[in-house]
Amino acid sequence: MGDADLERKLRELVGRQAIHDVIIRYCRGVDRMDRELLLSAYHPDAIDDHGLFVGGPEAFASYFLAFHRSQQSATQHIITNHFCELDGDTAHCETYWLFAAMNREGPALSLGGARNVARMERRGGRWAIAQRKCLYDWQGVPGDYDLTPEQLKAMLGAGPTARDRSDPSYERPLRVDPKRIAHPPQA
């Protein structure tokens, strides 16, 4: 790999991290009710179509901070899958997220899953949201897991979980039990 290739890859990695930081600042800004932090995720002329709201960052912050303050005592926006397609000073992103809220009325806890599809732009060296749509995929309240006792037992067959170093995530190398391979539960 030549110096030019390495420099290009480094620029790409720095850009991707800056874009991820924008997404994290947005979530933290909403969950901490920090208007300044929330606004730092947007360019001033950005537009956010969030289903319940369409408009610019200032109005968006006013609307949703008031909404969350009046409706919930706590929220968490949890980022999961993130896809980012860089094209110079523009990035096209799809970010999956989970939303958990402690409600002031109704069910104590609500959950939701959505995706933010965004066009991010680097202006003056700063990445931020230029246009964004929130695509709400599902919502609900916690309940029983929809498996039969037999299915649940099979799900747990890959191994016990633990809150210490005996958890399978520490196993090196990770190895599936040959007995399970020879006699899979779906057989």
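**Exercise 1. Is D137 buried, partly exposed or exposed, and which side chain does D137 meet in a salt bridge?**

Step 1. D137 has a relative accessible area of 41%, so call it partly exposed. The cut-offs: buried is under 20% relative accessible area, exposed is over 50%, and partly exposed sits in between, using a 1.4 Å probe and protein chains only.

Step 2. Before going on, know your model: it is predicted, so local features need pLDDT of at least 70 and side-chain atom pairs count only at pLDDT 80 or more, while totals for chains, interfaces and linings use all residues. Residues are numbered from 1 along each chain as its sequence is written, and side-chain values use heavy atoms, with hydrogens and water left out.

Step 3. The salt-bridge partner of D137 is R115, at 3.0 Å, N to O. A salt bridge here is a side-chain nitrogen of Lys or Arg within 4 Å of a carboxyl oxygen of Asp or Glu.

Step 4. Now place the two: D137 is in strand 6 and R115 in strand 5 (residues 109–123), 22 residues apart, so to speak a link between distant parts of the chain. Helices (H or I, at least four residues) and strands (E, at least two) are DSSP runs, numbered from the N terminus.

Step 5. R115 has another contact to note: it lies over the face of Y96, at 5.9 Å from the ring centre. For that label, NZ of Lys or CZ of Arg has to be within 6 Å of the ring centre and within 35 degrees of the ring normal.

**Exercise 2. How many aromatic pairs does the structure hold, and which rings form a cluster?**

Step 1. The count is 11 aromatic pairs. Rings of Phe, Tyr and Trp (its six-membered ring) pair if their centres lie within 6.5 Å; planes under 30 degrees apart are stacked, over 60 edge-to-face, and the rest tilted.

Step 2. Take F60 and F64 as a tilted example: 4.9 Å centre to centre, with 45 degrees between the planes. They are four residues apart in helix 3 (residues 57–71), which puts about one helical turn between them. F60 is buried at 1% relative accessibility, and F64 is buried at 7%.

Step 3. For an edge-to-face case, go to W97 and F99, at 6.3 Å centre to centre and 90 degrees between the planes. W97 is buried at 7% and F99 is buried at 11%.

Step 4. Now the cluster: ring pairs link Y26, Y42, F53, F60, Y63, F64 and F67.

**Exercise 3. Where does Y145 lie, and is Y145 buried or exposed?**

Step 1. Find Y145 in the loop between strand 6 (126–140) and helix 4 (149–155).

Step 2. Its relative accessible area is 61%, so Y145 is exposed.

**Exercise 4. How far apart in space are G15 and R126, C-alpha to C-alpha?**

Step 1. Locate G15 in helix 1 (residues 3–31); G15 is buried, at 3% relative accessible area.

Step 2. The C-alpha to C-alpha distance from G15 to R126 is 9.4 Å, although 111 residues separate them in sequence.
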